[in-house]
Amino acid sequence: MERLCGPELPFWVANQTLHSDQPDLPVCFQLTVLSWLPCIYLWAVSPIYFFYLKKNNRGYIMMSIMNRFKTVFGMLLWLVCWTDLFYTLHERQQGLSQPPIFFITPLVLGMTMLLATFLIQFERLRGVQSSGVLFIFWFLSVLCAIVPFRSKILQASSQVEVTDKLRFTTFYFYFGLVVLELILCCFNEKPPLFSNVVTDPNVCPESMAGFLSTMTFWWFTSMAIKGYKMPLEAKDLWSLNPRDSSKAMVPKLLKEWEKEQAKAKSKQNLSNDVAYSKPPPSTTNHIGSESETSPEEVEVLLSSQKVIPRQPSFLRSLIRAFGPYFLIGSAYKLLQDVITFVNPQLLRMLISFTKQKGVPDWWGYALAFLMFFTAFLQTLILHQHFQYCFVTGMHIRTALIGAIYRKSLVITNAAKRSSTVGEVVNLMSVDAQRFMDLTTFLNMLWSAPLQIMLALYFLWQNLGPSVLAGVAVMILLIPFNAVIAMKSRAYQVEQMQHKDSRIKLMNEILNGIKVLKLYAWENSFKEKVLAIRQKELNVLKKAAYLGALSTMAWTSAPFLVALTTFAVYVTVDENNILDAEKAFVSLSLFNILRFPLNMLPQVISSLVQTSVSLKRIQSFLSHDELDPNSVDRKNTASDFSVTVVNGKFTWAKEDPPVLHNINVLVPQGSLLAIVGHVGCGKSSLISSLLGEMEKLEGDVSIRGSVAYVPQQAWIQNATLRDNILFGKTYNEQKYHCVLEACALTPDLQVLPGGDMTEIGEKGINLSGGQRQRVSLARALYSDADVYLLDDPLSAVDAHVSKHIFDNLIGPEGALKGKTRILVTHGISYLPQVDNIVVMVDGRVSEMGSYQELLKQNGAFAEFLRNYALEDIVEEDEATEEIIDDDEELFPEDTLSNHIDMVDSEPGINEAKRKFIRQISIISADGETPKSRSVRRHACSQRKHPEPQEKKQLDGMEKLIQAETAETGRVKLKVYLEYAKAVGLLLSVLICVLYGCQSAAAIGANIWLSEWTNDALQNQTEDNVNMRVGVYAALGITQGVLVMISSFTLAMGNIGAARKLHHNLLTNKLHTLQSFFDTTPIGRIINRFSKDIYIIDETLPSTVLMFLGTFFVSLSTMIVIISSTPIFAVVIAPLAFVYVFVQLCPC
C-alpha cells in the first residue's frame, strides 16, 4: 500500500482507530478499501446480471422523469469523479506530485459510475422496474462514504482553513449525488408496456414491488391491514401471479417428464439393439465356425442377456423444472448460515470488552449495534430463503396435482385396475403435500452438515481437542437415527397401502350410499372401514413411538455434546479452566448446533416419506397411456365418415381380444344401428371408435368432430342450461330447438327454476330419463359431425323414446344429414335406419339394410324373434299412453305410432308384416291404420316458450352450497375438542411433563453458570467431579422426561386420531340422504383423506413444536427475570403487542 499511498499516508494506524475516543480511519484506507469496495461488487456482479437480463426480457419501459434523473445523476457522478482525476493531472503539471492512489481511485470510480448509468438504461429496456443490484451498489457507496464524510468534517473543524478545497467540494457533491441515487432507487419504474400488470384490475402487488419492498415483504402490508379490519375471504385475495399458475407450472413439469421418458426410451432401444444384434460374419474359412454352424448357441447367448429396462427418473424432471428457482433460496440459506456464526464471535468480543479496563466506550456500543445488525440481516435473509422454498413447494405441489390429474384421464384400462380411485386421490392430496412439506427444509440436507462443521471448528478454537469427544457422541448418534429412518420408511409404505384401501372403500361407500342406506348396511360397512383404519393406526403408533425416540435423541444430542466436551476439557488438564467466556461462547455455538442436529433427523425422515411418495407418483405417471393415434381423425381421402378395417381390439394388452375382425363402413350422413344380444360387444365397438380400447390390428378413422352419448348419462353440478351448452355460446333459437327435439320442454315447466335450475352432483335431482335426455341435448347442441349413441333410448319411457327417435335421431330428425351410430335393443326403429350391424360374440355377424337382413334369415332374424314381442308390447303401451295423455304434452305430429311409420314405406311394411305373421305375434286384423299426420321438424315453425330467465324464482336457494371455511382465529372450543379427544387428564399430564423437562433444562443452565463462577474463586479443582456429575444428572433427567413426554403425546395423538375418525365416519354414515344429494362426493372424500392426514401426521408435530416453543420461551423469561428483575417491566408491553398481533382477526 505504500507504493499506492506513499510514505506520508499510512494504510492503518491503530492508535488513530481502535485506541482513541474519537476514532477515524486513515486517508489511504478511505481511498482504497472504502472507495473500491462498491466498485469491486458492481464489476463482479455485472457479467452475471447482464446474462440474466438478456435471458429474461419483461418488456420495454418508457423513459420516465425519474429515469431521466437517475441517468443525469449518473453522468454527473462520472464528471465529478473524473474532475478529481483531471485535477490530479493538473497538479502534476504544476509540479505538485500526488501518490498514485489519487489517479487510480477517481479513474475506477468514474468507470464504475459509467457502468451504473449504462445499467440504468439497460434495465429500462429489459423491463426491470426496480433493481436490487443497483440498490446494493448505491447503499454500499453511501455506507462507505459516511466515514470520509465524518473525517473531512473533523479535519475541517480542526484546521483554520481547508487545504484541498476542490477535492473537499467534489466529495460532498459526490456524496449528495450518491444519496439521491439511493433514494431514487427505492422507488419503482412504471410497468413495461403490454404487461398483464396493466390489464389485470386486481394484480398482486408482489409483481410490482421494488427491491426493498420485496426484501421486507412490505407489499403484503395492505392485505394484513385488510385482514385486521375484517375476516379475509377468497374474493379479497389478489390475482395469482401468472408464473405461479397451474397453466405455467403443469406444462413445465410435463415437458421435462416427457424429455426424461423419451431419453429412457431411446436408451432402452439402443440397449436392445446391442443385446439382440446379429454377430458379425466370420472372416475365417473354418467350416465349423460358430457364426455359421451354431445359431442355436448364439440365440441362447443373446436370450440370456437380460436387458433391464431403464426407468425414467421423475426426480430428475422435478430438479430440472424447479431446481433453478430453488437454488436462489439455497444461496440465501448459505449466506444466512455464514452470518449465523458472526454473533458468537461478537459475543466473545463483548465478554472480553467487559473484562478489560480503560478501553473506549464506543467499543461496547459498536459491538451491541453489530449484534443487532447481524441479527436483523439474518432475519431478512432467512425469510427470503423461506419465501423461495415455500413458493417452490407450492409450484411442485401444483404441478404434481395437475400432472396426476391429466394422467388419470389418459391411462389405459389395464392401468386403471392397478391404480384405484383411492390411490389417485391420495397421490393428489397426501403425496403431493409431502413434497411441499419437504421443500421448506430440504436445504438442511447440506446446511446442517455445514453448520455442524463450522460450529465444531469454532468450538475447537475455543476448547481445543476436547471437542472431539462431542464429535464422537454425534457419530454414535448417526446409526441410531439411520435405524429409525429405515424403520420409518417401511412403516410409511405400509401406512400408505392401508390409507389407499380405506379411501377406495370410502369412495365406493359414498358412490353407493343410497343403496347402502336402503339395505341398512351402515354398520357392516362401518366395521370394514374401521378394520382398515385400525391397521393404519397400528402402523401410525409404531411410527409415533419411533418418532418419540428420535425426538429424545435430537433433544439430548446438543446437551450430550456439551456435557462430554466440557467434562473432557476440565479433566484432561488441570490448567483448563471453564470461565464465562469459554462456557457461554461455547453454549451459543452449541445452541447453533442444536437446530441442525434437531432438524437433520426430521428432514431425513421427511425425505424418506417423500421418497415413498416419489416412487408412487413415478409409478403412476409411468403407466401406459391410450394411443391418441389409434383413431385417425384426419382422414379426408375416404368417402366414408367412419371406417373400421380388420379391427381387433382388447381392453388390456394382456387380456384376450374382445372384438375380432371388425369391418364397418359408415357413409357420410347415414344412420347405422348396432344390434345384438347382451354382452356381444356393441358398447365395446363404440369405445373402440372413441379410442378407449387397445387396438391390436386394423385401421380406424373418423372424419370430423365426435359427440358421444353414453348409457349412463354424465351430468355436471351446474344449471340445466350449462349442462346442455357445455361451454358453447348460447343461441336461443338453436337452444329451444334442442329442448324440443329431446322432449325436455315439458320438464322445464316442472323444474323450480326452469333451465336455470341447479342440478346436483351426478344429476341427483333428475330422473334417469331426464338425465339421458340432457345428455342427448348436450350432444345435439355441440353440432358435431359424428354422433355415437350408446343405447340412449333404454332409460326413457316408450312414448318419449318414440318422440326422441322421430324428432332427433330418425331420418327426419334434427340430426338428419349427420353421421349417426346408434346402439339399440328397440326393433321398432330398425326399419327406418340406413344400415344395421349385427354383433355376435365380438364379431360383425351381418351388415346391411333391414330388408336385406330379413331375407338372410340369420342372426338378425334370431335377434328379432327374441326382442319383437317385448318391443311390440311396449309399443302398444306407448300408444295407449299417448292417446290417454293430454295432447299438450306432445304435438299431434309426434303421436304417430309404429304402424304409421311402417305404412309410409310399403316395401318395408310388407316385409315386416310377413315376418310378424311367420312368428305369429300380431294378426293382420289387429292392425288399425291411423290417419297419418305430416311431421314438421323445422325449428323456426315451432312456438318457443318464454325465456327461462323470466321463470327464475326469486330467492331460489342453490342446491350445492359453496364450501365454507371458518374465518378469523381458531376458537377455544376447537382446542378443547381436540384436548377432549386426546383426554383431559392425559393433556394435563403432557403439559406437566413438558414443564418438568424445561425445569431440568433451566437447572442445567443455572448449574453451568455456577460452575463458571468457580474460576473466579479458584475452586475449579475441588468441585470438578461434583459439577460434572450434577450437570450430567440434570441433562439425563431432561432426556428421560423428553422421551416420556413424547411417548405420552404420541399415545394421546393416536387416541385422538382414532376417536375423531370414528366420530366422523359414524356421523357421515348416519347422515340423511339429502346431505349426500347436495354435497359433492369429492368434498366428503377430502375430509377422510386430507383432513384425516392432518390429524394423523401434521397436527402431532405441530402440537410438539408448540409445546416445545411455549415452555422454552417461558423458561427463558423466568431465568432472565430471576437474574435481571427490571426485565419484567419490558415483558408486559412486549406480551401485549404479541397477543395483539396474534389475536387480530387476520
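Buried here means under 20% relative accessible area, exposed means over 50%, and partly exposed is in between (1.4 Å probe, protein chains only). All the views come from a predicted model, where local features need pLDDT of at least 70, side-chain atom pairs count only at pLDDT 80 or more, and totals for chains, interfaces and linings use all residues. Residues are numbered from 1 along each chain as its sequence is written, and side-chain values use heavy atoms, with hydrogens and water left out.

**View A. Glutamate 260 pairs up with arginine 316.** Their side chains form a salt bridge (a side-chain nitrogen of Lys or Arg within 4 Å of a carboxyl oxygen of Asp or Glu), here at 2.6 Å, N to O. Glutamate 260 has a relative accessible area of 0%, so it counts as buried, while arginine 316, at 34%, is partly exposed. The glutamate sits in helix H11 and the arginine in helix H14 (residues 314-340), so the bridge ties together parts 56 residues apart in sequence. Helices (H or I, at least four residues) and strands (E, at least two) are DSSP runs, numbered from the N terminus.

**View B. Glutamate 625 meets lysine 407.** This salt bridge spans 2.8 Å, N to O. Glutamate 625 is in the loop between helix H23 (580-621) and strand S1 (640-650) and lysine 407 is in helix H16, so parts 218 residues apart in sequence get tied together. Lysine 407 is buried at 5%, and glutamate 625 is partly exposed at 43%.

**View C. Glutamate 206 and arginine 243 link two loops.** Their side chains meet in a salt bridge of 3.5 Å, N to O. Glutamate 206 belongs to the loop between helix H8 (196-199) and helix H9 (211-216), and arginine 243 to the loop between helix H10 (221-229) and helix H11 (246-275), 37 residues apart.

**View D. Helix H15 packs against H16.** H15 (residues 342-355) and H16 have axes 10 Å apart, at an angle of about 160°. That makes the two helices roughly antiparallel (an angle over 145 degrees). Axes are lines fitted to C-alpha atoms over the stretch in contact, with angles running from 0 to 180 degrees between N-to-C directions.

**View E. Phenylalanine 369 shows its face on H16.** Helix H16 covers residues 362-410 and includes phenylalanine 369, which counts as exposed at 52% relative accessibility.

How values were computed. Parallel < 35°, antiparallel > 145°, perpendicular 65-115°, else oblique.
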